[in-house]
Amino acid sequence: MPKQIGDLTLYSVDDLHEQLGISKMTLRTYLREGRIRGRKLGVSWYVTEDAIREYFDEPQPESGSTQKQKNKKQYRYIVQGINDLVSETEECETIDEVIQILNEQAIISLFQVRIVNRETDEITEIIKARDFLDKHANI
């Protein structure tokens, strides 16, 4: 059953699984990859009604090269250390630059990547460096 906080309705993975008939594993994958916008509170993911609408209103993915070109222009990437041992911050224009910087690091688990929308200057995603490489290294 969805949680109601004021005007905000939050759906858990279990709620979406029951209502949409999509496996919980698939839903969690979509959330981790950012295909469905959600937030993790503790160990549970929550999705707003707007995020569900956004997912279903989203156009179908474009071909690989067209999507790559669009992403290069739409986002900038900030690679940064996540603790006091590593205080480096590097801004990148492309995914390839991020991959190159991350591959030069001795301990990759000390870094994360912030993906920032160029138009709004809003952080759209913060992702662990290892997860970023897993997601983008083979594109």
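Before I start on handedness, a reminder to myself: a crossing is right-handed if the near helix is turned clockwise from the far one by less than a right angle, and left-handed if anticlockwise. I also note that this is a predicted model.

**Entry 1: the helix pair**

I looked up α1 (residues 13–20) and α2 (residues 24–33), whose axes come within 9 Å and cross at roughly 120°. Angles from 65 to 115 degrees would be roughly perpendicular and those over 145 roughly antiparallel, so α1 is oblique to α2. The crossing of the two is right-handed.

Next I wanted to know which residues make the contact. From α1 they are Val13, Asp14, Leu16 and His17, and from α2 they are Lys24, Leu27, Arg28 and Leu31. By type, I get four nonpolar, three charged and one polar residue in this contact.

**Entry 2: Lys24**

I stayed with Lys24, which lies in helix α2. Is it buried, partly exposed or exposed? Its relative accessibility is 32%, so Lys24 counts as partly exposed. Setting aside neighbours within four places in sequence, I find Lys24 in contact with Val13, Asp14 and His17. I also checked Lys24 against Ser12, twelve residues away along the chain: their C-alpha atoms are separated by 9.9 Å.

**Entry 3: the cores**

In soluble globular proteins, nonpolar side chains tend to be buried together. With that in mind I went to the largest nonpolar core, which has 18 residues. The members touching the most other members are Tyr77, Val79, Val98, Leu102, Val113, Ile115 and Phe132. At least two residues of this core come from each of β5 (75–81), α5 (95–103), β7 (111–117) and α6 (129–136). Which element gives the largest share? That is α5, with five residues.

I also found another core lying apart from this one, with eleven residues, including Tyr11, Tyr30, Trp45 and Ile52.

**Entry 4: His136**

His136 lies in helix α6. The cut-off for buried is under 20% relative accessible area, and His136 has 11%, so it counts as buried. Not counting residues up to four places away in sequence, His136 touches Ile95 and Ile99.

**Entry 5: Asp121**

Last, I looked at a backbone angle: Asp121 has a positive phi of about 60°, although it is not a glycine. Where does Asp121 sit? I find it in the loop between β7 and β8 (123–128). At 51% relative accessibility, Asp121 counts as exposed, because the cut-off for that is over 50%.

Technical notes
Residues are numbered from 1 along each chain as its sequence is written. This is a predicted model: local features need pLDDT of at least 70, side-chain atom pairs count only at pLDDT 80 or more; totals for chains, interfaces and linings use all residues. Side-chain values use heavy atoms; hydrogens and water are left out. Axes are lines fitted to C-alpha atoms, for helices over the stretch in contact, and angles run from 0 to 180 degrees between N-to-C directions. Helices (H or I, at least four residues) and strands (E, at least two) are DSSP runs, numbered from the N terminus. Angles under 35 degrees count as roughly parallel, over 145 as roughly antiparallel, 65 to 115 as roughly perpendicular and the rest as oblique. Contact means heavy atoms within 4.5 Å. Ala, Val, Leu, Ile, Met, Phe, Trp, Tyr, Cys and Pro count as nonpolar, Asp, Glu, Lys and Arg as charged, and the others, Gly among them, as polar. A nonpolar core is a set of buried Ala, Val, Leu, Ile, Met, Phe, Trp, Tyr and Cys residues joined through side-chain atoms within 4.5 Å. Buried means under 20% relative accessible area, exposed over 50%, partly exposed in between (1.4 Å probe, protein chains only).
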